[in-house]
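Here are a few notes to read alongside the model.

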Amino acid sequence: TTLIAQINPSPNNNPNNRNNRNINRNRIVRFPQFSVGVIGMDPQGAFDNNYSGTPLGLGAQLAIPMGNSPIDLVGGFAWYSRGGSKEDIAIFQGTDADGDEFFTEGEMSVNSNIYAYDAIIRFRPFNGRVQPYGDVIGGFQTYSTKSIIRTLDGSNDDETNNAHRDFSVNFGWGAGVKVRIREAIALEARFTNIQGSEVQFVDKESVRIDDVGNVQFENIRSTTDHYTFQTGVSFQF
């Protein structure tokens, strides 16, 4: 019996099977992750001196792991609102049979936004319940101001015009942490330090709208260094 057991060991006692189980248990399996959350921008340096306010919005990142290595390739997007203004205006509709001009009541809103597009290399060494990470970031941002004219009675379609647009090139670094609360859901906090090139954007304090819908504003030119802070959730799939 002893000789047979040595020649034909049971699967549970086979050293090779035990090694395979240990390999599978210790293997790090990484999956894509999608993050979304509330994001705020804190202007720095000349940007802070030339701009008053804290742009707020939404941020999202899609992380694709490079196999089972600690490196993720990440695509990032963020939208920030810089605020706006709204005024009641008279919208010209044409002339009547007597040749008199007639108008309808409307409103005009002017909104300024920032859109960020980032390519990120992420170092995420741990894949457990707590996952700290560091980012190297490159990308660009667009600074846009749009005017929207709408009639209050709905007789005309909304008219949207780009009052101003410019973009900056950015680079920097970031750091964050994910804390898993479910198998595929984690809470996340993220910080970035971004150096931005010079850009021209609308001074939101200078925007004026007259009663017939003419927009007047002044532009500011400045570098766009800033910090960002994002809190939200991350989904693994």
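1. Let me begin with a charge and a ring: the charged end of Arg122 sits over the ring of Tyr133, 3.9 Å from the ring centre. The criterion is that NZ of Lys or CZ of Arg is within 6 Å of the ring centre and within 35 degrees of the ring normal.

2. A word on the source: this is a predicted model, where local features need pLDDT of at least 70 and side-chain atom pairs count only at pLDDT 80 or more, while totals for chains, interfaces and linings use all residues. Residues are numbered from 1 along each chain as its sequence is written, and side-chain values use heavy atoms, with hydrogens and water left out.

3. Strands β4 (residues 101-123) and β5 (residues 130-151) run antiparallel and are joined by 18 bridges; a hairpin of 6 residues connects β4 to β5. Within this pairing, Ala119 stands opposite Gly138 in β5. Strands here are DSSP runs (E, at least two residues; helices are H or I, at least four), numbered from the N terminus, and two strands pair if DSSP finds at least two bridges between them.

4. The structure holds 10 aromatic pairs. In one of them, the ring centres of Tyr117 and Phe140 are 5.1 Å apart with planes at 25°, so the pair counts as stacked. This pair links distant parts of the chain, with Tyr117 in strand β4 and Phe140 in strand β5, 23 residues apart. The rule takes rings of Phe, Tyr and Trp (its six-membered ring) with centres within 6.5 Å; planes under 30 degrees apart are stacked, over 60 edge-to-face, and the rest tilted.

5. The classes are buried under 20% relative accessible area, exposed over 50%, and partly exposed in between (1.4 Å probe, protein chains only).

6. Elsewhere, Phe47, Tyr51, Tyr143 and Phe201 form one aromatic cluster. Tyr227 lies in strand β12 and is partly exposed, at 27% relative accessible area. The C-alpha atoms of Tyr227 and Gln195 are separated by 8.8 Å, and the two residues are 32 apart along the chain.

7. Of the 19 residues lining the largest cavity, the closest to its centre are Ile39, Tyr80, Asp118, Arg190 and Thr228. A cavity is a set of points on a 1 Å grid over the protein atoms alone where a 1.4 Å probe fits but cannot get out, and lining residues have an atom within 4 Å of a point. Points are joined across faces, edges and corners, and the volume is the space filled by probe spheres set on them.

8. Strand β3 (71-95) gives the most to the lining of the largest cavity, with 4 residues. That lining divides into 8 nonpolar, 9 polar and 2 charged residues. Ala, Val, Leu, Ile, Met, Phe, Trp, Tyr, Cys and Pro count as nonpolar, Asp, Glu, Lys and Arg as charged, and the others, Gly among them, as polar.

9. The second largest cavity holds about 60 Å³ of space. Its lining includes Gln33, Gln131, Lys178 and Arg180, and β12 gives the most to that lining, with 3 residues. By class, the lining has 4 nonpolar, 4 polar and 3 charged residues.

Technical notes
1 Å grid on protein atoms, 1.4 Å probe; cavity = no way out; pocket = protein on both sides within 12 Å on 5 of 7 lines; lining within 4 Å.
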